[in-house]
Amino acid sequence: MTVMSAVFGVLTVLLSDVMCAVVAFNYCDMLWGIRYAGYSAPANVAFLTAVPYIIGIIVCIILALFFRRKTV
């Protein structure tokens with residue numbers, strides 16, 4: 001079961017890296033759109049794309065801790 005714990009630990013790190021990249025891209029896209037394309041929403045709306053990633057990260061952390069405790 002420690003293998004499953006390690007898999008979910010690595011998945012947590014990968015998910016956080018992907019979340020940062022997606023949010024940064026969406027934020028830059030919103031800034032460009034506000035300046036040149038006439039978007040009316042503020043650039044902070046781009047941070048809402050982080051919500052599903054945060055939920056996934058929390059689930060992966062819980063599963064990693066669950067599988068680590070299962071072996072002890």
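The legends below accompany close-up views of a predicted model.

**View 1. Helix H1 and its buried residues.** Helix H1 covers residues 2–37, a run of 36 residues. From its first C-alpha to its last, H1 reaches 50 Å, which is close to the 52 Å expected at 1.5 Å a residue. The buried residues of this helix are Ser 5, Phe 8, Thr 12, Met 19, Val 23, Met 30 and Gly 33. Just after the helix, Gly 38 adopts a positive phi of about 80 degrees.

**View 2. Met 30 and Ala 37 in helix H1.** Met 30 is found in helix H1 and has a relative accessible area of 13%, under the 20% limit, so this residue counts as buried. Although Met 30 and Pro 42 are twelve residues apart along the chain, their C-alpha atoms are separated by 7.7 Å. Ala 37 also has its place in helix H1, but here the relative accessible area is 44%, and the residue is partly exposed. Between Ala 37 and Ala 24, which are 13 residues apart in sequence, the C-alpha to C-alpha distance is 19 Å.

**View 3. The ring pair of Tyr 27 and Phe 47.** A search of the whole structure finds four aromatic pairs. In the pair formed by Tyr 27 and Phe 47, the ring centres are 5.4 Å apart and the planes stand at 40 degrees, so the pair is tilted. Because Tyr 27 lies in helix H1 and Phe 47 in the loop between H1 and H2, the contact ties together parts of the chain that are 20 residues apart in sequence. Tyr 27 counts as partly exposed, with 27% relative accessibility, and Phe 47 likewise counts as partly exposed, with 45%.

View 4. Trp 32 and Tyr 36 form a tilted aromatic pair, with 5.9 Å from centre to centre and 45 degrees between the planes. Both residues lie in helix H1, where they are four residues apart, about one turn of the helix. The relative accessible area of Tyr 36 is 59%, and this residue is therefore exposed, the limit being over 50%. Elsewhere, ring pairs link Phe 8, Phe 66 and Phe 67 into a cluster, and Phe 8 is one of the buried residues of H1.

**View 5. Cys 20 and Cys 28, which are in no disulfide.** A disulfide is counted when a pair of cysteine sulfur atoms lies within 2.5 Å, and by this rule the count for the structure comes to zero. For Cys 20, the nearest cysteine sulfur is that of Cys 28, 13 Å away, and Cys 20 is in no disulfide. Cys 20 has a relative accessibility of 49% and counts as partly exposed.

**View 6. A nonpolar surface patch that includes Ile 55.** Val 45, Leu 48, Val 51, Ile 55 and Val 59 form a nonpolar patch on the surface, and together these residues have about 430 Å² of accessible area. Ile 55 is found in helix H2, which covers residues 50–71. With a relative accessible area of 52%, Ile 55 is exposed.

How values were computed. Residues numbered from 1 in each chain as written. Predicted model: local features only at pLDDT ≥ 70, side-chain atom pairs only at ≥ 80, totals over all residues. Heavy atoms only, no water. Helix = DSSP H or I, 4+ residues; strand = E, 2+ residues; numbered from the N terminus. Expected span 1.5 Å × (residues − 1). Buried < 20%, exposed > 50% of the residue type's maximum accessible area, 1.4 Å probe, protein only. Patch = residues over 30% accessible without salt bridge, like charges linked within 9 Å, V, L, I, M, F, W, Y side chains within 5 Å. Areas by Shrake-Rupley, 256 points an atom, 1.4 Å probe, with all protein chains shown as cover. Salt bridge = Lys/Arg side-chain N within 4 Å of Asp/Glu carboxyl O. Phe/Tyr/Trp six-rings, centres within 6.5 Å; stacked < 30°, edge-to-face > 60°.
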